[in-house]
Amino acid sequence: MPPQTNDENVCEREVPIPGWVKPEVFEDLLKDNVKDYKKTKALRAKAGVAAGENYATIMLRLELDVETKDKSEVTKAFMLKTPHDTDAYRKLLQETNIFDVERGMYLVVVPELEQMYRDVGLEVKFGAEAYEIKVSENYVLLEDLRPRGFKNVDRLQGLDQAHTESVLRKFAQWHAASAVRVDLKGPYEEKYTNGFFKSKEIMNFFCDRSAKILLNNIDQYDGHAAYIKDLQSVSEKLFDIYNDIKEPKSDEFNALNHGDGWSNNIMFQYNDKNEISNTYFVDLQLPKWGSVAQDLYYFLLSSTSLDIKTEKFDYFVWFYHSELVKHLKLLNYSKKLPTLRSIRNALNKYSGWAFICSISVMGVVLLDPTDDADFDKIISNEHSNFTNSIYTNPRYRRHMKVVLPWLQHRGALE
């Protein structure tokens with residue numbers, strides 16, 4: 001059976017509805033997508049995800065009741081992403097307009113990647129359809145995937161091996177196509193290449209605050225005496241580690257990283273036998289050109305189930321590499337193919353990034369759903385009850401009991 005999702009309380013949650021979200025805004029879109037459109041009779045907007053399941057944007061599920069010329073009625077559903085109305089979020093948008101980036105990803109970058117596969121006879125779909133509407137507001141409007149049976153895996157359980165392999169295959173297809181595209185056409189526009197690395201607040205969350213709060217609570221972690229000195233040492237080097245992976249190196253295999261590839265940003269569709277039939281990426285606002293070690297550590301540490309997180313890590317890297325090379329060959333990549341050893345070398349070189357992922361995104365992913373979870377608290381410098389709860393969470397401590405020795409043995413805490 002498909003793993004249980006954790007979105008049962010989606011519709012009970014109240015979220016602010018922007019004043020511009022009115023039926024007339026979507027009229028042209030509906031005329032294009034509903035045969036014999038006559039008029040829009042009603043619009044309903046409600047929370048698109050449960051509390052604590054999405055941080056970067058406000059996600060709304062829109063339902064529009066449409067009357068057609070023969071007086072029948074149809075309901076069209078969309079997902080609308082809008083910005084948080086806070087000073088911290090407005091500052092982030094000034095640094096990088098993630099709505100402009102994400103619309104460009106859905107409307108320009110991703111269709112180009114999908115067409116590259118179509119041209120060599122393979123149908124690859126990376127995500128939902130995106131739509132444009134005539135407003136000056138910051139937004140991303142997407143197909144609602146739930147009517148087609150797409151769902152997330154429960155992030156608290158994590159992905160099993162079959163789901164992890166499906167995601168890694170999709171990452172390999174994405175990375176391969178983006179590398180070939182740049183090889184053929186030159187670099188992407190700069191807005192598609194920086195990810196979250198331009199934001200000082202996010203850098204502080206990854207490199208400073210997370211490590212400090214972990215160390216403040218480290219006495220709650222079984223066996224911490226074995227690695228406390230290493231933790232203190234590596235914590236002083238995190239800004240250097242962050243800045244190192246931030247810069248693409250010409251002698252490494254580089255690709256367009258998804259940049260925020262954790263379990264809630266990945267949706268699965270199943271066939272009649274409950275086997276995975278499609279894997280889609282969502283939340284494309286943080287693409288980053290550079291080493292694929294960024295996506296691999298971020299996903300594998302944050303989103304896999306504990307029983308396979310480290311036990312199967314080397315296998316997953318092998319699996320990813322085999323899929324990457326297969327699709328690079330299919331797309332006629334003209335440069336030297338990356339070897340498994342070169343991918344492993346990149347993972348070794350950027351192993352400090354694995355530690356950063358384990359104290360940041362992994363902690364947020366494993367936190368129980370809470371109404372207190374929001375973007376401002378994630379990047380705030382204050383050590384609130386919310387941020388402390390990330391590192392005192394028994395589930396997170398269980399994962400770290402396995403992950404920290406594994407990182408130490410790989411040299412990631414040096």
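Predicted model: local features only at pLDDT ≥ 70, side-chain atom pairs only at ≥ 80, totals over all residues.
Trainee: What makes residues 140-330 a stretch to look at?

Mentor: UniProt lists residues 140-330 as "domain: CHK kinase-like", in an unreviewed entry. Such annotations may be inferred rather than shown by experiment.

Trainee: Why is Ser199 called buried?

Mentor: Its relative accessibility is 4%. Buried means under 20%. So Ser199 counts as buried.

Trainee: Where is Ser199 found?

Mentor: In the loop between α4 (161-185) and α5 (200-216).

Trainee: What makes the pair Ser199 and Ile202 a polar contact?

Mentor: A polar atom of the Ser199 side chain lies 3.2 Å from the backbone nitrogen of Ile202. The cut-off is within 3.5 Å, so the distance passes.

Trainee: Which residues does Ser199 touch, leaving out those up to four places away in sequence?

Mentor: Leu92 and Glu95. Touching here means heavy atoms within 4.5 Å.

Trainee: Which residues of helix α15 are buried?

Mentor: In α15 (residues 385-392), Phe386, Thr387, Ile390 and Tyr391 are buried.

Trainee: How do you know that they are on the same side of α15?

Mentor: They cover an arc of only 140 degrees around the axis. That puts them on the same side of α15.

Trainee: How does the domain assignment divide the protein chain?

Mentor: It gives domain 1 (1-82) and domain 2 (103-127 + 149-409). Taken over C-alpha atoms, the centres of domain 1 and domain 2 are separated by 29 Å.

Key: Residues numbered from 1 in each chain as written. Heavy atoms only, no water. Buried < 20%, exposed > 50% of the residue type's maximum accessible area, 1.4 Å probe, protein only. Helix = DSSP H or I, 4+ residues; strand = E, 2+ residues; numbered from the N terminus. Arc of directions from axis to C-beta. Domains from an automatic or database assignment. Polar contact = N/O pair within 3.5 Å; in protein donor to acceptor, adjacent residues only side chain to side chain.
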